[in-house]
Amino acid sequence: MSSSVEQKKGPTRQRKCGFCKSNRDKECGQLLISENQKVAAHHKCMLFSSALVSSHSDNESLGGFSIEDVQKEIKRGTKLMCSLCHCPGATIGCDVKTCHRTYHYHCALHDKAQIREKPSQGIYMVYCRKHKKTAHNSEGMSSATFHFQEDI
């Protein structure tokens, strides 16, 4: 059976991300589901999670991350409350080491945090709105600040 085909067991239930507990694919990227259907996570939620490092192994991976590592990070997130919505699962921290703000990916966007990506170098960073000016002082990084209308 292919990993993209879900086996129906009773009423169809839409899967949600293990990190942000949502199905906000537009904001958080594609929702990836493991072959055994036990782990689901948005691509951006994994890319920006502080303790996740991409795996170069093809077996047991989800979007380039070890399923075991994704499960450990989801578990770690149960102890981390989001600075915006105050719900658990906030594994994305401000990249200023002394800052204690943590977010879900979509909450970082709604809090007007600065999102920095350099996929070619494997750099995925977030600066809370308090520290995003500090981020401008970093050399050689392209940056983008995303602003979304409040729709929550």
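What follows is a set of questions and answers on this structure.

Analyst: Before we start, this is a predicted model, so local features need pLDDT of at least 70, side-chain atom pairs count only at pLDDT 80 or more, and totals for chains, interfaces and linings use all residues. Residues are numbered from 1 along each chain as its sequence is written, and side-chain values use heavy atoms, with hydrogens and water left out.

User: How many salt bridges does the structure hold?

Analyst: Side chains of opposite charge can pair when their charged atoms come close. Here a salt bridge is a side-chain nitrogen of Lys or Arg within 4 Å of a carboxyl oxygen of Asp or Glu. One of them joins Asp95 and Lys97 at 3.9 Å, N to O. The number in the structure is seven.

User: Glu27 has a salt bridge with Arg24; is Glu27 buried or exposed?

Analyst: The two side chains meet at 3.1 Å, N to O. Buried is under 20% relative accessible area, exposed is over 50% and partly exposed is in between, with a 1.4 Å probe and protein chains only. Arg24 is partly exposed at 23%. Glu27, at 14%, is buried.

User: Which side chain does His110 join in a polar contact of 2.8 Å?

Analyst: His110 lies in helix 4; helices (H or I, at least four residues) and strands (E, at least two) are DSSP runs, numbered from the N terminus. His110 is buried, with 3% relative accessible area. A polar contact is a pair of N or O atoms within 3.5 Å; within protein, one must be able to donate a hydrogen and the other to accept it, and residues adjacent in sequence count only if both atoms are side-chain atoms. At 2.8 Å, the partner of His110 is Glu27.

User: How far from Cys28 is the nearest cysteine sulfur?

Analyst: A disulfide is a pair of cysteine sulfur atoms within 2.5 Å, and the structure holds zero of them. Cys28 is in no disulfide, and the nearest cysteine sulfur belongs to Cys45, at 4.2 Å.

User: And which cysteine has the sulfur nearest to that of Cys87?

Analyst: Cys87 is partly exposed, at 38% relative accessibility. Cys87 is in no disulfide either, and at 4.0 Å the nearest cysteine sulfur is that of Cys85.

User: What is the phi of His86 near?

Analyst: Most residues other than glycine have a negative phi, and most peptide bonds are trans. His86 sits in the loop between helix 3 (67-77) and strand 5, and counts as exposed at 58%. Its phi is positive in a residue other than glycine, near 60°.

User: Which exposed residues are on the face of helix 3 turned away from its buried side?

Analyst: The buried residues of helix 3 are Ile67, Val70, Glu73, Ile74 and Gly77. They cover an arc of only 120° around the axis (taken from the directions from the helix axis to the C-beta atoms), so they lie on the same side of helix 3. These buried residues pack against strand 2, helix 2, strand 3 (61-62) and strand 4 (65-66), where contact means heavy atoms within 4.5 Å. The face turned away carries Lys72 and Lys75.
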